[in-house]
Amino acid sequence: MILPVACSDDDDVFSEESGVRLQAVIDECNTVLRGADNGWKMVYYPKVESYGGYTFLFKFGAKNRVRMISDFDTSTGKDYSYNFNTSESVVLTFDSYSPLHRLADPRYPAPDYSDKKGYGVEGDFEFVVQRVTTDTLYLVGKKNRVELPLTRATGDDWQLVGQMAEMSRC
């Protein structure tokens with residue numbers, strides 16, 4: 001028995017090469033992130049049902065710099081470095097040590113492990129970009145796979161998170 005085999009055209013599925021498409025997503029992310037007047041808010045639960053949540057605010061700027069505050073860190077006026085890479089789709093990476101890195105830092109003990117150092121609170125500082133809208137970036141932690149949205153912040157958010165950081169210092 002002979003089976004006929006259909007030949008198919010080798011037409012491109014996409015009109016542009018993958019590098020061009022990925023760069024377009026990176027450009028869109030930068031435009032959206034830098035275009036928010038009050039920056040962005042992330043409420044992050046690194047390990048659901050194990051630790052509390054942490055609130056971060058980001059103001060993205062030129063030259064891949066980001067101002068960041070958190071509800072547990074009072075260092076204001078500092079900016080950090082971020083970038084986008086394409087190691088696993090488009091990945092937003094905070095690549096200089098920042099308050100966000102403390103959630104992944106093994107020097108800090110985690111409550112789940114009887115205060116043994118080496119675990120941190122199992123957070124991420126690299127996030128795969130799942131989807132981008134004008135008001136939200138949908139992210140997934142690259143290591144721990146926690147889904148979290150990055151939403152537009154308000155001026156009140158900056159004041160509140162600053163107050164929370166002051167309280168945590170006490």
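Select arginine 152 in this predicted model: the residue is partly exposed, with a relative accessible area of 33%. Its side chain meets that of aspartate 135 in a salt bridge, at 3.2 Å from N to O. Arginine 152 belongs to strand 8 (residues 147-152), while aspartate 135 sits in the loop between strand 6 (126-132) and strand 7 (136-141), so the contact ties together parts that are 17 residues apart in sequence. Aspartate 135 is likewise partly exposed, at 44% relative accessible area.

Next, select aspartate 79 and arginine 65. Their side chains form a salt bridge with an N to O distance of 3.2 Å. Aspartate 79 is in strand 4 (residues 79-85) and arginine 65 is in strand 3 (residues 65-70), so this pair joins parts 14 residues apart in sequence. Colouring by accessibility shows aspartate 79 as partly exposed at 39% and arginine 65 as partly exposed at 33%.

Finally, select lysine 41 and aspartate 157, whose side chains meet in a salt bridge at 3.5 Å, N to O. This pair links distant parts of the chain: lysine 41 lies in strand 1 (residues 40-44) and aspartate 157 in helix 2 (residues 155-169), 116 residues apart. Is aspartate 157 buried or exposed? Its relative accessibility is 13%, and aspartate 157 therefore counts as buried, the cut-off being under 20%. Lysine 41, by contrast, is partly exposed, with a relative accessible area of 24%.

How values were computed. Residues numbered from 1 in each chain as written. Predicted model: local features only at pLDDT ≥ 70, side-chain atom pairs only at ≥ 80, totals over all residues. Heavy atoms only, no water. Salt bridge = Lys/Arg side-chain N within 4 Å of Asp/Glu carboxyl O. Helix = DSSP H or I, 4+ residues; strand = E, 2+ residues; numbered from the N terminus. Buried < 20%, exposed > 50% of the residue type's maximum accessible area, 1.4 Å probe, protein only.
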